[in-house]
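Hello! Here are a few notes to read alongside the model. Please keep the structure open and find each residue as you go.

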Amino acid sequence: MRTLADGLAQKADNFLLLRFVAASLVIYGHAPAITGGAAPVDLFARLNWGTYSGSIAVDLFFIVSGFLVTGSFLRNPRLVDFAWARAIRIVPAYAVCLVLTAGVLGAAYTDLPLREYFQHPDTLGYVVRNLKFDILMQWQLPGVFADNPKSDVVNGSIWTLPAEVRMYVLVAALGVIGALSWRSLFNTVVLGLLVLGVLYPEQTPMSNPREYLRLAGLFVAGAFCYVNRERIPLRGSLLLALVGMAWLWRNTPVFPYLFAAAEVAFAFWFAYNTRWRGFNRFGDYSYGIYLWGYPAQQIVAAHAGGLHSHGNALAGFLIALALAIASWHLVEQPALRLKGLPGKLAARWRSRAPAPAPDRSAT
């Protein structure tokens with residue numbers, strides 16, 4: 001039986017393409033709300049799956065993140081290196097997005113005089129508050145997109161970033177106590193978290209907002225798959241079975257768990273079993289598309305308010321893709337070149353440290 005361990009051993013995957021598709025699905029999923037419900041509605045909603053494409057896309061992001069971030073810690077368990085690697089991957093592009101949204105996009109689309117807009121405390125507050133990765137995020141900029149159907153949110157996609165950061169902390173904590181490298185301990189912890197989440201969801205640290213609990217469960221599922229990679233099968237028949245079971249029980253309490261299991265199976269089947277990997281020649285544009293998709297769609301809605309959801313999604317995607325390409329080549333990729341900086345600084349400090357005095361106690 002081919003397993004996840006075999007997939008990892010082949011040194012090639014399609015995670016870049018999977019995340020690109022997921023980021024694009026987020027744009028598609030947001031379009032009905034941004035256009036004020038202009039038809040057509042989301043495909044998955046029409047098929048009566050009890051969810052929509054944007055939610056599925058975010059699920060895939062967290063499954064893949066749990067898998068890859070866990071592997072990253074196990075390959076380099078130094079806490080400083082891990083924290084630095086996570087920070088330079090998520091913060092620079094996010095900070096640039098917030099600054100440009102508040103300083104350029106906001107100035108272009110506010111209905112306030114520019115002087116009043118820039119003097120308003122919520123303009124700078126949008127950047128400062130959202131950079132704290134706190135659950136109490138600021139969604140509006142003064143007077144920006146005030147006439148859009150979705151006037152109360154400038155960028156609705158960023159709500160997941162505080163949850164992502166909290167998951168990094170969880171991985172670091174599990175790594176420090178040795179649970180990531182001790183399979184039986186990790187599985188016991190995961191079982192305990194699952195019981196806690198199912199029976200006492202309000203008692204979990206990720207229960208506010210409630211959607212964080214679902215994202216945490218999917219992230220942990222991805223981490224579970226990495227720790228148990230020798231035992232996780234990569235079989236299309238398993239994926240089809242889980243999808244079929246989820247469909248048959250879609251109106252029952254077990255549906256969320258069956259659907260989540262199908263999402264996990266799909267993520268790794270797609271990453272390791274799809275043969276074409278030409279997309280890997282391009283950059284990792286998924287994060288930039290995710291960050292810029294919602295503002296891009298709001299721009300489209302501001303200029304073409306009568307455009308239906310599919311038209312808004314397509315136009316928003318093209319704008320977001322252009323911004324994502326710029327983000328990758330000008331911000332994200334240069335930042336990632338600094339990944340080894342803590343180790344280099346530590347080595348330089350050690351090389352400059354004075355040599356210990358010789359031990360003369362024996363003379």
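1. Let us begin with a pair of helices: H13 passes H14 in a right-handed crossing. A crossing is right-handed if the near helix is turned clockwise from the far one by less than a right angle, and left-handed if anticlockwise. Helices here are DSSP runs (H or I, at least four residues), numbered from the N terminus. This is a predicted model, in which local features need pLDDT of at least 70 and side-chain atom pairs count only at pLDDT 80 or more, while totals for chains, interfaces and linings use all residues. Residues are numbered from 1 along each chain as its sequence is written, and side-chain values use heavy atoms, with hydrogens and water left out.

2. How do H13 and H14 pack? Helix H13 covers residues 286-303 and helix H14 residues 309-336; the angle between them is about 140°, and their axes lie 7 Å apart. Axes are lines fitted to C-alpha atoms, for helices over the stretch in contact, and angles run from 0 to 180 degrees between N-to-C directions. H13 and H14 are therefore oblique to each other. The cut-offs are under 35 degrees for roughly parallel, over 145 for roughly antiparallel, 65 to 115 for roughly perpendicular, and oblique for the rest.

3. Now look at who touches whom in the H13 and H14 pair. Residues making the contact include Tyr287, Trp292 and Ala296 of H13, and Phe317, Leu321 and Glu332 of H14. Contact means heavy atoms within 4.5 Å. The residues of this contact divide into 14 nonpolar, 5 polar and 1 charged. In this scheme Ala, Val, Leu, Ile, Met, Phe, Trp, Tyr, Cys and Pro count as nonpolar, Asp, Glu, Lys and Arg as charged, and the others, Gly among them, as polar.

4. H13 also packs with H5, at an angle of about 10° and with the axes 9 Å apart. That makes H5 roughly parallel to H13. The crossing of H5 and H13 is right-handed. Among the residues in contact are Ala93, Tyr94 and Cys97 of H5, and Tyr287, Leu291 and Trp292 of H13.

5. Ala93 sits in helix H5 (residues 79-109) and is buried, with a relative accessible area of 2%. Buried means under 20% relative accessible area, exposed over 50%, and partly exposed in between (1.4 Å probe, protein chains only). Which residues does Ala93 touch, not counting those up to four places away in sequence? They are Tyr287, Leu291, Ser327, Val331 and Glu332. Ala93 and Ser327 are 234 residues apart in sequence, but 6.5 Å apart in space, C-alpha to C-alpha.

6. Next, some backbone angles to check. Most residues other than glycine have a negative phi. Asn48 is not a glycine, yet has a positive phi of about 65°; Phe145, also not a glycine, has a positive phi of about 55°. Are these two buried or partly exposed? Asn48, in the loop between helix H3 (43-46) and helix H4 (53-75), is partly exposed at 43% relative accessibility. Phe145, in the loop between H7 and helix H8 (161-176), is buried at 2%.

7. Finally, the cysteines. How many disulfides are there? The count comes to 0, where a disulfide is a pair of cysteine sulfur atoms within 2.5 Å. Cys97 is buried at 1% relative accessible area, and Cys225 is buried at 5%.

Notes. Helix = DSSP H or I, 4+ residues; strand = E, 2+ residues; numbered from the N terminus.
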